[in-house]
Amino acid sequence: MSRSPSRRSGTVRAFDDTVGLGTVVAADGTEYGFHCIEIADGTRTIEVGSAVTYSVLPRFGTWQAADITPA
């Protein structure tokens, strides 16, 4: 049986529009990378400093932020 991953809150620490890569930092300081296709509204861009909610999923051998939504 598949369960939905729990949502977390954090802040976009970095985002590079050119390559589409960014980092979300959780309240406890844990950082999760993400690719622009994980931004849920489809814009493929997000402002640094934005408060967001996200899921954490295993990708390419590490944990990454997914389904990123501005809070």
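Tutor: In this predicted model, a residue is called buried when its relative accessible area is under 20%, exposed when over 50%, and partly exposed in between.

Student: With that in mind, is Arg-7 buried, exposed or partly exposed?
Tutor: The relative accessibility of Arg-7 is 38%.

Student: Which residue forms a salt bridge with Arg-7?
Tutor: The closest N and O atoms of the pair are 3.0 Å apart, and a salt bridge requires such atoms to be within 4 Å. The partners sit in distant parts of the chain, 60 residues apart, with Arg-7 in the segment before strand S1 and its partner in strand S5. That partner of Arg-7 is Asp-67.

Student: How many residues apart are Glu-31 and Arg-13?
Tutor: The side chains of Glu-31 and Arg-13 meet in a salt bridge, at 3.0 Å from N to O. Glu-31 belongs to strand S3 and Arg-13 to strand S1, so the pair links distant parts of the chain, and the separation is 18 residues.

Student: How many salt bridges does the count come to?
Tutor: Side chains of opposite charge can pair when their charged atoms come close. With the cut-off within 4 Å, the number of salt bridges comes to 3.

Note on methods: Residues are numbered from 1 along each chain as its sequence is written. This is a predicted model: local features need pLDDT of at least 70, side-chain atom pairs count only at pLDDT 80 or more; totals for chains, interfaces and linings use all residues. Side-chain values use heavy atoms; hydrogens and water are left out. Helices (H or I, at least four residues) and strands (E, at least two) are DSSP runs, numbered from the N terminus. Buried means under 20% relative accessible area, exposed over 50%, partly exposed in between (1.4 Å probe, protein chains only).
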